[in-house]
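Subject: A structure to look through

Dear colleague,

I am handing over a structure for you to look through, and below it you will find an account of what turned up in it. Please keep the structure open while you read.

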Amino acid sequence: MDIAHFVFGIFGNAFGLFLFLAPIITFKRIFVKKSTEKFSGVPYIMTLLNCLLSSWYGLPFVSPHNILVTIINGTGAVIEIIYVFTFIIYAPKKEKLKISGLFAFVITVFSAVVFISLFALHGNSRKVFCGFAAAIFSIIMYGSPLSIMRLVIKTKSVEFMPFFLSLFVFLCGTSWFIYGVLGRDPFIAVPNGVGSALGTLQLILYLIYRGNKGNNNAKTTREEESMEMGTAKPMGQEEIKGDTSKNTC
């Protein structure tokens with residue numbers, strides 16, 4: 001049981017790292033264009049909060065035998081902070097203020113959880129409190145692709161739902177779900193079970209609609225909604241020359 005628990009934790013670390021590094025293509029585009037265009041910074045903010053809370057939950061004095069949770073989420077937190085600050089640098093003024101405000105909110109929430117768990121709670125109550133906080137935001141993070149899944153069903157096209165991203169959502173969620181089950185830890189098993197289920201649904205949708213290219217009537221809607229998810233493909237020259245100061249966050 002202990003060996004299997006450790007092995008699935010290693011799998012979870014590997015697949016989780018792929019998930020955290022997936023937006024690199026998006027940020028390479030932002031660096032080149034010196035603009036965030038219509039991309040949304042909110043998913044990176046929410047993922048950062050999830051990483052901070054999960055890494056705190058995995059520490060030995062909060063939740064024993066979960067150090068692998070801290071390792072991957074601590075790494076993810078560093079990566080997400082880089083994404084967030086890059087976004088703040090290149091975003092329009094209004095968006096800078098919005099993301100900066102959300103970043104301050106994330107730090108405030110995380111600091112409150114740390115303070116309460118350290119000075120007001122002990123033993124199992126500390127684990128339960130931190131576990132609930134981490135689980136809630138893990139579910140929110142995994143639930144972020146719901147809008148793109150709705151878009152796939154609406155347009156009958158997987159153009160803006162990358163296969164490998166969906167695959168790693170499934171693999172990461174499944175690995176941590178099994179890890180949580182083996183460790184009898186519902187705060188890890190439940191949210192990652194949700195992630196595994198949503199990853200499965202994405203793969204099913206991909207299999208159903210993979211041969212479709214969508215239609216011209218849905219093109220604008222697809223572009224706008226995919227920008228919100230950070231999965232859009234490069235726009236044409238005419239679109240690039242257009243007004244990119246209005247974000248769809």
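A residue is called buried when its relative accessible area is under 20%, exposed when that area is over 50%, and partly exposed in between. Please also keep in mind that this is a predicted model.

Lys 156 is found in the loop between α7 and α8, the latter covering residues 163–182, and although Lys 156 is not a glycine, its phi is positive, at about 55 degrees. As a rule, most residues other than glycine have a negative phi. Lys 34 also has a positive phi, near 55 degrees, and is likewise a residue other than glycine. Lys 34 lies in the loop between α2 (24–33) and α3 (42–57), and because its relative accessible area is 53%, Lys 34 counts as exposed.

The overall layout

Taken as a whole, the chain has eleven helices and zero strands. Of its 249 residues, 48% count as buried. The UniProt record, in an unreviewed entry, places the feature "transmembrane region" at several spans, among them residues 6–27 and 128–148. In the model, residues 6–27 are 91% helix and 0% strand, with end C-alpha atoms 33 Å apart, while residues 128–148 are 90% helix and 0% strand, with end C-alpha atoms 32 Å apart.

Helix α7

Which residues of helix α7 are buried? In this helix, which covers residues 146–155, they are Ile 148, Met 149, Leu 151, Val 152 and Thr 155. When one looks down the axis of α7, these buried residues fall within an arc of 155 degrees, so they line one face of the helix.

Contacts across the sequence

Several residues can be followed through the model by the distance between C-alpha atoms. Tyr 142 sits in helix α6, which covers residues 123–143, and is buried, with a relative accessible area of 6%. Tyr 142 and Gly 193 are 51 residues apart in sequence, and their C-alpha atoms are 9.9 Å apart in space. Val 128 is also placed in helix α6, but at 27% relative accessibility Val 128 counts as partly exposed. From C-alpha to C-alpha, Val 128 and Ser 117 are 9.8 Å apart, with a separation of eleven residues in sequence.

Phe 85 is found in helix α4, which covers residues 67–90, and counts as partly exposed at 41% relative accessibility. Phe 85 and Gly 41 are 44 residues apart in sequence and 9.8 Å apart in space, again from C-alpha to C-alpha. Asp 185, by contrast, lies in a loop, the one between α8 and α9 (186–209). Is Asp 185 buried or exposed? Asp 185 is buried, because its relative accessible area is 5%. The C-alpha atoms of Asp 185 and Ser 63 are separated by 9.4 Å, although the two residues are 122 residues apart along the chain.

The cysteines

How many disulfides are there when a disulfide is taken as a pair of cysteine sulfur atoms within 2.5 Å? The count comes to zero. Cys 172 is in no disulfide, and the nearest cysteine sulfur, that of Cys 51, is 9.8 Å away. Cys 172 is buried, with a relative accessible area of 5%, and Cys 130 is buried as well, with a relative accessible area of 1%.

Rolling a probe the size of a water molecule over the atoms shows where empty space is left. In this model, the second largest pocket holds about 170 Å³ of space. Eleven residues line this pocket, and the closest to its centre are His 5, Pro 64, His 65, Leu 182 and Gly 183. Sorted by class, the lining of the second largest pocket has three nonpolar, five polar and three charged residues.

Definitions and conventions:
Residues are numbered from 1 along each chain as its sequence is written. This is a predicted model: local features need pLDDT of at least 70, side-chain atom pairs count only at pLDDT 80 or more; totals for chains, interfaces and linings use all residues. Side-chain values use heavy atoms; hydrogens and water are left out. Buried means under 20% relative accessible area, exposed over 50%, partly exposed in between (1.4 Å probe, protein chains only). Helices (H or I, at least four residues) and strands (E, at least two) are DSSP runs, numbered from the N terminus. The arc is that of the directions from the helix axis to the C-beta atoms. On a 1 Å grid over the protein atoms alone, a cavity is a set of points where a 1.4 Å probe fits but cannot get out, and a pocket is an open set with protein on both sides within 12 Å along at least five of seven lines; lining residues have an atom within 4 Å of a point. Grid points are joined across faces, edges and corners, and a volume is the space filled by probe spheres set on the points. Ala, Val, Leu, Ile, Met, Phe, Trp, Tyr, Cys and Pro count as nonpolar, Asp, Glu, Lys and Arg as charged, and the others, Gly among them, as polar. UniProt positions are given in the numbering used here, feature names are shortened, and annotations may be inferred rather than shown by experiment. A disulfide is a pair of cysteine sulfur atoms within 2.5 Å.
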